[in-house]
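Here is a short walk through one protein structure. Keep the model in view while reading, and find each residue as it is named.

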Amino acid sequence: METSQQSPVSLRVRLRKSRHGCRTCKQRKIKCDEARPVCGNCAKRYYDVDRCDYPSVSTSRQRQNRTDASVVHPASLSTSIITRPTGASSDHSQRQLEMRLMYHYTQFAALELPATYGYTSKELWLDKVPQMAFESDLLLDSLLTVAALHMQDLMPEDHKLGIAVNHYLDRTLAKHRYSLGCIEKFLAEPLFLTAFMLCITSWQISHRRSQASETYRIPSNVFALVRGACILHRQYDDWLSQAGYDPEAVWTLAPAGSNAEADHPLLREITQDIGKLLEAFHVTDMPTEEANIYQDTAECVISLYVALVRKMGDTILQRIVFTMAVRMKSRYVAMLEAGEPLALALYARILAVLGFIEHLWWSRGPSSNNRDYLHYSINGIANMMPLRCSWAMEWPLKVVAGEVAIAI
């Protein structure tokens with residue numbers, strides 16, 4: 001008896017390819033739904049894209065079989081990081097954008113970045129980093145991200161800048177994650193500088209998201225990144241010291257002030273204000289561990305104002321404010337994230353230091369009051385404060401209103 005055998009039926013469904021998808025989806029090698037002005041993938045992935053970058057039909061057909069040099073391939077990451085930059089796009093319009101961003105960085109953005117770890121702002125960001133970027137894709141992409149962010153604040157109507165921010169940030173994160181697994185001496189410096197620039201980028205983006213949602217959020221992700229950058233600095237401080245970076249700079253606060261400084265009107269005012277806070281919240285009656293955390297944080301805040309009174313450079317002061325989370329105990333950061341009133345009040349006084357020094361983009365964003373991160377953050381923290389504790393925000397609110405001056 002013969003048994004008939006049937007060949008298996010193929011159920012494979014042939015999917016329609018996206019021929020005219022946006023450039024971002026093509027670079028990520030995912031199917032684009034070609035929705036206009038923003039495709040579904042980009043709408044889910046990016047928060048601030050007004051429209052996708054779609055190529056013309058003729059351009060799309062001409063480049064259908066061409067490999068985009070700007071796509072990050074895992075197999076080529078090590079070569080890309082180690083040798084001369086290979087990430088510059090072969091697309092003419094993309095190359096024009098990259099040249100435009102590089103020019104903007106050297107002429108404008110680099111002048112508003114903080115002095116750090118043994119170098120002045122100009123020495124590091126204007127002289128050293130651009131030269132290193134020609135040898136490191138990792139640093140080049142982070143530089144272009146910062147430049148695009150700065151340029152976007154000046155020209156918010158240019159939608160291509162928003163796309164550029166997301167594009168170069170994705171590339172930076174991919175290469176940074178990869179390079180953390182294979183750190184060698186020649187990679188330590190670009191890796192550390194990229195980590196620092198990622199902190200600045202994260203600070204900028206986290207405040208933009210908060211403003212877009214109209215609900216202030218403590219920038220916990222920035223705190224984590226700053227801690228990671230400082231751990232990286234400590235782990236490879238021998239290599240970084242040889243490159244001219246001061247391994248102790250990030251941990252150093254101004255020492256205790258002299259008697260003359262203690263009589264300074266601003267220092268006397270902030271000391272009295274913090275003393276009032278600690279007394280009103282009955283810190284001495286708290287459990288020992290919690291009381292010590294608040295006392296340590298209060299001392300950090302006062303030392304920050306001592307540095308201000310001593311006329312330390314504005315970019316150095318901004319860096320100290322930015323890295324203050326590293327000096328605080330992790331338990332305090334947890335209290336801050338939980339919305340504890342005293343923790344919020346002390347953090348507001350840390351940020352208030354920015355109100356006494358020159359406005360720089362990297363820490364405060366655009367200079368207009370309705371987009372200034374300092375005004376937004378202080379008012380946002382005031383809105384988070386329980387009504388019964390609203391008095392604890394009086395001093396920081398006076399600072400942003402210009403009612404407290406520093407007489408030096």
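Start with Asp158. Its relative accessible area is 18%, which makes Asp158 buried, because buried means under 20%. The model is a predicted one.

What does Asp158 meet? Its side chain forms a salt bridge with the side chain of Arg100, at 3.2 Å from N to O. The two partners come from distant parts of the chain, 58 residues apart. Arg100 sits in helix 5. Asp158 sits in the loop between helix 7 (137–154) and helix 8 (159–180). Arg100 is partly exposed, with a relative accessible area of 34%. As background, side chains of opposite charge can pair when their charged atoms come close.

Helix 5 covers residues 92–107, which is 16 residues. From first C-alpha to last, helix 5 reaches 23 Å. That is close to the 22 Å expected at 1.5 Å a residue.

Which residues of helix 5 are buried? They are Gln94, Leu97, Glu98, Leu101, Met102, His104 and Tyr105. Look down the axis of helix 5: the buried residues fall within an arc of 165°, so they line one face of the helix. An α-helix has 3.6 residues a turn, so residues three or four places apart point the same way. Turn to the other side of helix 5. There, His92, Met99 and Tyr103 are exposed.

Next, move to helix 7 and helix 8. Lys175 and Asp137 form a salt bridge, with their closest N and O atoms 3.7 Å apart. Lys175 lies in helix 8 and Asp137 in helix 7, so the pair ties together parts that are 38 residues apart in sequence. Are these two buried or exposed? Lys175 counts as buried, at 2% relative accessibility. Asp137 counts as buried too, at 0%. The pair also belongs to a network of salt bridges that links Asp137, Asp141, Arg171 and Lys175.

Arg364 forms a salt bridge with Asp372, and their closest N and O atoms are 2.4 Å apart. Arg364 counts as buried at 7% relative accessibility. Asp372 counts as buried at 1%.

How many salt bridges are there in the whole structure? A search finds 12. Among them are Arg100 with Asp158, Lys175 with Asp137, and Arg364 with Asp372.

Terms used
Residues numbered from 1 in each chain as written. Predicted model: local features only at pLDDT ≥ 70, side-chain atom pairs only at ≥ 80, totals over all residues. Heavy atoms only, no water. Helix = DSSP H or I, 4+ residues; strand = E, 2+ residues; numbered from the N terminus. Expected span 1.5 Å × (residues − 1). Buried < 20%, exposed > 50% of the residue type's maximum accessible area, 1.4 Å probe, protein only. Arc of directions from axis to C-beta. Salt bridge = Lys/Arg side-chain N within 4 Å of Asp/Glu carboxyl O.
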